[in-house]
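Hi everyone, thanks for making the time. Let me put the model on the screen, and then I'll walk you through it.

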Amino acid sequence: METIHTLLIANRGEIASRIIRTCKKMGIRSVAVYSDADRNSPYTRQADLAIHIGESAPASSYLVQDKIIEAAKKSGANAIHPGYGFLSENANFAQRCADEGIIFVGPNVKAIEEMGSKSRAKALMQEHGVPTVPGYQGEDQSIETLTSAALKIGFPLLLKATAGGGGKGMRIIHHESELTTGIEAAKRESLSAFGNDELIIEKYVASGRHIEFQIFGDKHGNAIHLLERECTIQRRYQKVVEESPSPVLTEDLRKKMGEAAVKAALALNYDNAGTVEFIFDEQVNEFYFLEVNTRLQVEHPVTEEVTGLDLVEMQIEMAQGEKLQLQQADVKGKGYALELRLYAEDAANDFTPVTGTLTRFEWPKVNGLRMETAVESGSEISVFYDPMIAKMIMHDTTRKGVYRKMRYVLENMVCQGMVTNQPFLLELVKNEAVIHGKYDTHFIANNLHTIENKHYTEYELSLFLAAATLIDWKKRDNKKTILRSLPSGWRNNFYEFQKNTWLINEEANELQYRHLDSEFLMKFGDREFITHLLSIDNQSIRMEVEGAMYVFNYSSVGENYFLQHGTMGNLSIKKKARFPEREIQKTPGGYEAPMPSTIVKILVEPGKQVAIGEPLLVISSMKMENTLLAEEAGIVSEIFVQEGQNVEAGYLLLTLKSEE
Amino acid sequence: MQHIRSNVNPNSQQFKENEAEMLKLVEKLKKHFGESLFQGEEKHIDKARKRGKLLARERIELLLDQDSPFLELLPLAGMQMKGGFGTGGTNVSGIGFVSGKLCMINSNIGTRKGGSVDYATLFKALRVGEITRECALPTVNLVESGGANLTDQSKIFNYGGETFREITRRSKMGLTTISIVFGNATAGGAYVPGMSDFSIFQKNAAKVFLAGPPLVKMATNEIATDEELGGAEMHSRISGVSDYLAEDEYDAIRIAREIMEFTKDAKPHFVPTEPVVPPKYHPEELLGVVPANPKQPFDVRELIARIADGSEFSEFKPEYGSTLVTGWCKIHGYPVGILGNNGVIFSESANKGAQFIQLSNKNNIPLIFLQNTTGYMVGKAYEEGGIIKNGAKLINAVSNSEVPHITLMIGSSYGAGNYGMNGRSYHPRFLFAYPNSKIAVMGSEQMAGVMEIIQRANAEASGKPFDEQQAAMLKQMLIMEAESKASAWHSTSELWDDGLLDPRETRNYLAFTLAIVYNQEIKGADAFGVWRM
């Protein structure tokens, strides 16, 4: 088979960077493609060549096969690596590549096709004696059939897009009442994300653990597995923590599951990198096949760290038709690896994705740390793509070491400009249950109250606010043109302190201060304390409070301040304006977009009578769907948006006239 | 520039004793400042709070730019006046930054006697008006006042009109006045917003009319409500007396800040850009340096050493007329000429002062007068030496000088010395006093002594026996009476100064007032009166 000399990466962000790295190592020319929004993304500069493929929305760029193929031809690429997501598990695309004489770095079309349909995958696995979860995977996709099948399986159950993965098009249904809207939404989400609205229904294994095996096959009938990854800790059905080895697998179980995974690979004539996912029921020590992902996974670095292999390199070798060099017996895990996904999302607010500009992104150099980043200081997290900022991978000889080091990294990492899950991740790696591997797929949902957002002590909070207040003060002080040498806020007949009100998640915290000759007298709550401002530049502030020195890294954008302290953590706060906006005549019964989003579906029309809790609109933001429900009964008076429209946060969507 | 070498030893017994004495006076001053913060009885304040109102001083704090300095003027006015409303009256006035511009702020204390105007409050307003005009400051009035206190009306009515006249005269000069009405502004008071360039009325709060419902009923038999006669909505929508309808107090203050942002910028004569060097000797030491007892002499250079940048002082004619120290220095970067008394004024000192004032006028440099004098020297030799005509030269120079003057009372201020050294009647831009300072025609003991001599002469002439015992008692009473009338507490109560200060704050007061006087063009006088030779 042909040797790959030029590889086009039909993807973006960190995975594009990752693949380019291996290309460089192997002496392969790399070609990046980019949309409008990615024009300044680091990966476009890392590649040997970069080609613009359209507007920001994936449907106008990364998902358009013609554009990708055209870019490949233009750049002379003889192979395409699809990365994950986008076209990675699209059999049509793999076929298209073959037709165009371009090597598709992935498994054969048939394997993708078969695993692309979860129902067929399940049936195939059953044929080959791999255990599966009870459920419905029929071809009849009418709402009625799905509903009755669902009722037969019982609640809770899981609706999954046949073509899905990564949690998209997946929902858990607890009650019959949610079923119909749930099925409709899942179908819609699946259609928009994968171009196919088929669903499968599965019994929801309540306290399962998600364990997957990395498989590799060649075109010569060989298949092996590269051990497991445990990805049990998830939020919104998306993984946040991945580690290997799994803390619950015995050698025996590992062997059994590994064999099942290889069996699955062989059944598919699998000839590239893939992942066989299982749900493991700890209670009964049973595991069930969930699905095969026919692509390189987001969490592949965990396997790389443990096995010492370069999976992208192996993928390229397999795609070139080379034989697997490795025997199953050669695969030995070394030490422990942990991956955390750093997201621009608000853990305290149901992990809502956030957008913004990363003003500062730096991390400490720790042995064993591998950062796979999509961004750099100054990068933007846009509404168009997954809000992942980086994957943080730690490798060490012991599991304890991995967690200890990761904790240190999270404490000292500076990631500012928007709300991220950094504090949440820090709380996770500090959590005793997590450290001891005692968790299930509901871990976050069930423990959110304890790990949600760090609760600072009053004392810690006063330090953060003092730092923010001084940074803010310094900004004003620098702008003074006259009387710069007079003590700030000087009074000949003192009445009250200067005040700064800081909003932490909408909650107001007032810090009062008075500038004395060389220090600040501060007041927070009932406590008064003296703060010495020792030094300040545009990145960090050093101050002394009650005999201790504190250094904060910071960045600020407008009224938003992001502060980070080594041991206390991160805080994102906003300065409250001294003068509130004139009370906007808030439209009574007005519904506003909670975040920047796209209007997916309008479920009502003007004049329609709606009951409380009735769905009004479906909006989508960063590929997550959300249904807006009526907060009170009433009549829809006006709708201000159209399906497909993109709106900013706070945009008035519709008004409802209440019944009285 | 040469710096002053201090001869004061802060560890000396004398220094420590004086510091202790001065601290007592400063403590007393603090106590009075505390009284000036009184904004009305608890029940009035509670009521205001319940209605979502801010207090007068809170309004000022909110109006000011964050971290802006604020120089309150005449905070102790009226503190010893019998029958008045107490320390500071019912108005808070001062200078600070609003939207980056130096600005006069007047805030009625609506929670204290309904913000109605007593004698001290009115005369404070008149003095503040004078400062505003002379310093070319824009003004923001925070209005909530019931108008003249009726029991004082006979004493104030005739003078009160000037406050309105001043608003429009300033307007003619291009100085903006913005008035926010948070409550009552009725009858004459209605002319505060009425005369202003801009007026902002708070919804459901402003009440602005010439006559309220009872008077209207009396006059014309018309029945009308407060809102109909003078509510914010009526004035904003119908009469046009209000330019802006504010939702609430915050909104009103925000609007005033917005307006101020668009008023024209001042054209400062000079703005220091170099980093400011603090004095070599700490201003804290002023407590031990300046004698609490004005009878005790001290070298005024010791004070200058603690207020001038780097303690640097370019002294003029140091070897001549040594009882008046003259020279130039910088304070917070602002060039300034200083005239400081080192005792009684002789002909030489007066002539030197007159020359120094002329020179400062030629160079457009503001002047600071540090008053500590028992007056012009008396006696045969001095009269023969023409102390009158030489003293007159100093008064001529002070009166006709056109650079801004700032006077500080730091000890005694007796007789014509008060005039020659730019006392109240010579209209310095600002006049502040230390709590130890004394103002009178002469020292109290001298005065009692003079009285005794006259009485003794009268008795002798009429052949009556002189009652020594009674005379001694009378003398003692006279001394006490004169002492109290000459005290700084009395002066400040009578509005003879713009405020008393803690000596340690001298440099800050001067820096602030210099920034204010330097905020417009400074042009010295080209001509003076006839110099009697």
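I'll go from the overall chains to the sheets, the helix pairs and a couple of backbone details.

A word on conventions first. This is a predicted model, where local features need pLDDT of at least 70 and side-chain atom pairs count only at pLDDT 80 or more, while totals for chains, interfaces and linings use all residues. Residues are numbered from 1 along each chain as its sequence is written, and chains are lettered from A and ligands numbered from 1 in the order in which they are written.

So, the chains. Chain A has 16 helices and 41 strands; helices (H or I, at least four residues) and strands (E, at least two) are DSSP runs, numbered from the N terminus. Its C-alpha atoms fill a box of roughly 90 × 65 × 55 Å along the principal axes. For 660 residues, a compact globule would have a radius of gyration near 26 Å, and the 27 Å of chain A agrees with that. That radius is taken over C-alpha atoms, and the globule rule is 2.2 Å times the number of residues to the power 0.38.

Chain B has 20 helices and 14 strands, and its C-alpha trace spans about 80 × 65 × 50 Å along its principal axes. With 533 residues the rule gives a value near 24 Å, and chain B, at 25 Å, agrees.

Now to the sheets in chain A. One is an open sheet of four strands in the order S38-S37-S35-S40, with antiparallel pairing; strands pair if DSSP finds at least two bridges between them. Which strands stand at the edges? They are S38 (624–629) and S40 (646–647) of chain A, each with a single partner strand, so one side of each has no neighbour in the sheet. Helix H8 (residues 179–194) of chain A packs on this sheet and touches S35, S37 (615–621) and S38, its direction making about 140 degrees with that of S38(A). Axes here are lines fitted to C-alpha atoms, for helices over the stretch in contact, and angles run from 0 to 180 degrees between N-to-C directions.

Let's zoom in on S35 (residues 597–602) of chain A, which is joined to S40(A) by two bridges. A:Thr598 stands opposite A:Asn646, and A:Ser597 has A:Val647 as its bridge partner. Toward S37(A), S35(A) has four bridges, and A:Ile602 is partnered there by A:Leu617.

There is also an open sheet of four strands in chain A with the order S34-S41-S39-S36, again antiparallel. Within it, S39 (residues 634–639) and S41 (residues 652–658) of chain A pair over five bridges, and A:Glu638 has A:Thr655 as its partner in S41(A).

On to helix pairs. H12 (residues 399–412) and H13 (residues 422–430) of chain A pack at about 155 degrees, with axes 9 Å apart.

In chain B, H17 (residues 444–462) and H18 (residues 468–486) pack at about 145 degrees, with axes 8 Å apart. By class, their contact has eight nonpolar, two polar and four charged residues.

Finally, the backbone. Most residues other than glycine have a negative phi, and most peptide bonds are trans. The peptide bond from A:Ser244 to A:Pro245 is cis, with omega near -5 degrees, and A:Pro245 is in the loop between S14 (241–244) and H9 (251–267) of chain A. A:Phe86 has a positive phi, near 40 degrees, and is in the loop between S4 (79–81) and H4 (91–100) of chain A.

Thanks, everyone!

Definitions and conventions: Two residues are in contact if their C-beta atoms, placed from the backbone, lie within 7 Å. Ala, Val, Leu, Ile, Met, Phe, Trp, Tyr, Cys and Pro count as nonpolar, Asp, Glu, Lys and Arg as charged, and the others, Gly among them, as polar.
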